[in-house]
Amino acid sequence: MPAKAAPLPAAAIEPLLETMGEMRPPRVVLLPPGAGNADATATLFAHSLIEDVTIGLCALRSVSVIAPYTAAQISLQADKASTYEQHAISYILDTRLTNEGSRQTLFTQLIFFANDEVIWADRFTLDDRGLMKSRQEIARQIAFAIASQVERNETMRKTYEGNGGSYRSYLLGQRYLKQLNLPEVRRARKSFREALNQNADLAPAMSGLARSYFVEWLLTARGDSELLALAEQHARDAIAIDDTLAAGYRELGVVKLYSRQFDESIEFHERAEALSPQHANVIASYADTLVQASRPDGGLRKIEAAINLNPIAPDEYFWTAAGACYSLGQYDQALAYIERMRDPTPADRLAAASWGMLGNRKKASQYVRKTFEVHPDFNLEKWMAIVPFREEWQKTHYGEGLRKAGF
C-alpha cells in the first residue's frame, strides 16, 4: 500500500497561501519519466499514464497545471531550474522508470521548487492490476500534498476503475493519435475500440474514437460528411457515458465548427472549458472556434490563456493567435506569433497577407513564392471560397491582404 502523504510542510504552506490569496493558483508540472534501462513498452505506458494524470488534474481549480506538451519540452532542458523560474512553476512531479526483478515500477516524487524540498514520494507498479491504482493514487497524492481542499473527486474517475486492460488500450490509442497520419490514426481507433470492448463505459476512449474520425476527416480533406457524422455520434456517446468530462464536449464543439454551426460550437467549447478550466488544448480549441466565428478579440484572449498554460506550445497555438491578430489588424503581432512556430510553413499565406497589409510587397512576395512551392495549384478564388469565417468582413479583410501580397 502506498504511504499516506505527509502534511504540507510549513515552508510550503505560507507561499501557497500567499499565491492563493492573490487569486493565482500555484503551478505544477508533471515531467514525463526518464526511461533508464526500461523496455520500450513500459516507457510508452508510463509516459501516457503521466500525461493522463496531468489532464485529469486540469479539472482542479486550486492549481494551475502545465500542459503535457510543455512538460515534455521542459524535461529536455539542460537548466531546468531556470525554466521553472521562467514559467513560475511552484511544484514539480519528477518521475523515472525502474526495474524490480520481473516488473517495471514508476518512481515519483513531488518537489516544492522554492526550497527544493521533496514533499512526497512513492513507487507504483505498471502491470494491469496496479495500473489503475497507480493512476488514481498519483493524482490523489499530488492533490493532497499541494492543498488539502482540492477537488480530489475530479481526479478519480469511476469510469477508470476495475479494468486495467481497458485503460491500457486507451493509453495506447492516445499515443497513436498523436501521429497525424492515417495508419496511426486508424491504429488509435482500433485501440479505442478494444478499450470499449472491455469497458463500454470508458468515456475517454469514446472521446478518442470521436477524435479519430475527425482527424481522418482533416487528413483526407475530401469533405466526407460520414466521418464528421461518426465523430459527432461518438462525441455524444462520450457525453452520455460521463457528462462531467470535458473531452466529449470539446470533440462535439470541433465537429460543429467544421459543420459551420458556430453558435453550437461555442456552446460546447464553453461547457468543456467550464468542466476543465486548466486544460490548455480545450482552451486553444475554443480560441480557434471564436476566431473563425468572427470574434477574434475573444479568440486572442483565449489562445493567450492557453499559451500561458502551455508556454512551450505546439505550432497550432501560435497559428491561431496569429490569425486572431490579423483579423484585429495587428499585423506585426501576427508575424511575431508566426515566427514562434517551429514549422511556420502552414502559416505562409497568413504571413504573406500580413506583410501585404503592412505595405511590404517584397517580404510578402517571399511567402507567396513559398506557398506556391508547397501548393503549386493554389488558386486564390477557390481558397477564399472555403475559408471558414462566419462573417463576410473577416473573409474580405483576409482576401485583401492576400491580394496585396501578390496572389
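## Charges over rings

R271 lies over the face of Y249, at 5.5 Å from the ring centre. A charge sits over a ring when NZ of Lys or CZ of Arg is within 6 Å of the ring centre and within 35 degrees of the ring normal. Another case is R349, whose charged end sits over the ring of W383, 4.1 Å from its centre.

A word on the model: it is predicted, so local features need pLDDT of at least 70 and side-chain atom pairs count only at pLDDT 80 or more, while totals for chains, interfaces and linings use all residues. Residues are numbered from 1 along each chain as its sequence is written, and side-chain values use heavy atoms, with hydrogens and water left out.

## The protein as a whole

The protein has 19 helices and five strands. Helices (H or I, at least four residues) and strands (E, at least two) are DSSP runs, numbered from the N terminus.

Of the 407 residues, 57% are buried. Here buried means under 20% relative accessible area, exposed means over 50%, and partly exposed is in between (1.4 Å probe, protein chains only). Among contacts (heavy atoms within 4.5 Å) with a separation of 6 or more, 62% are between residues 24 or more positions apart.

## Aromatic pairs

How many aromatic pairs are there? The count comes to 11. Rings of Phe, Tyr and Trp (its six-membered ring) pair if their centres lie within 6.5 Å; planes under 30 degrees apart count as stacked, over 60 as edge-to-face and the rest as tilted. One of the pairs is Y170 with F192, tilted, at 6.3 Å centre to centre and 40° between the planes. Y170 lies in helix α6 (residues 164-177) and F192 in helix α7 (residues 182-198), so this pair ties together parts that are 22 residues apart in sequence. Both Y170 and F192 are buried.

F378 and W383 form a tilted pair too, with 6.3 Å centre to centre and 55° between the planes. F378 is buried, at a relative accessible area of 13%, whereas W383 counts as partly exposed at 23%. This is the W383 whose ring has the charged end of R349 over it. Ring pairs also link Y326, Y331, F389 and Y398 into a cluster.

## Helix α7, face by face

The expected span is 1.5 Å times one less than the number of residues. At the start of α7, a side-chain oxygen of N181 reaches to within 3.0 Å of the backbone nitrogen of E184.

Which residues of α7 are buried? They are E184, V185, A188, R189, S191, F192, A195 and L196.

## Helix α14 and its surroundings

Helix α14 (residues 315-327) has 13 residues and spans 19 Å from first C-alpha to last, close to the expected 18 Å. It is mostly covered, with 11 of its 13 residues buried; among them are Y317, F318, C325 and Y326. What covers the buried residues of α14 includes α12 (280-292), α13 (296-309), α15 (331-339), α16 (348-357) and α19 (392-405). One of these, α13, has 14 residues and reaches 20 Å, close to the 20 Å expected. Its buried residues include P296, L300, I303 and L309.

Just after α14, G329 takes a positive phi of about 80°. The C-alpha atoms of G329 and S354, 25 residues apart along the chain, are separated by 8.8 Å. S354 lies in helix α16 and is buried, with a relative accessible area of 0%. Leaving out residues up to four places away in sequence, S354 touches Y326, Y331, A334 and L335. Y326 and Y331 also belong to the ring cluster.

## Strand β1

R27 is found in strand β1 (residues 27-30). Is R27 buried or exposed? R27 is buried, with a relative accessible area of 11%. Not counting residues up to four places away in sequence, R27 touches S64, I66, H87, A88, I89, S90, Y91, N308 and L309. L309 is also one of the buried residues of α13.

Key: Polar contact = N/O pair within 3.5 Å; in protein donor to acceptor, adjacent residues only side chain to side chain.
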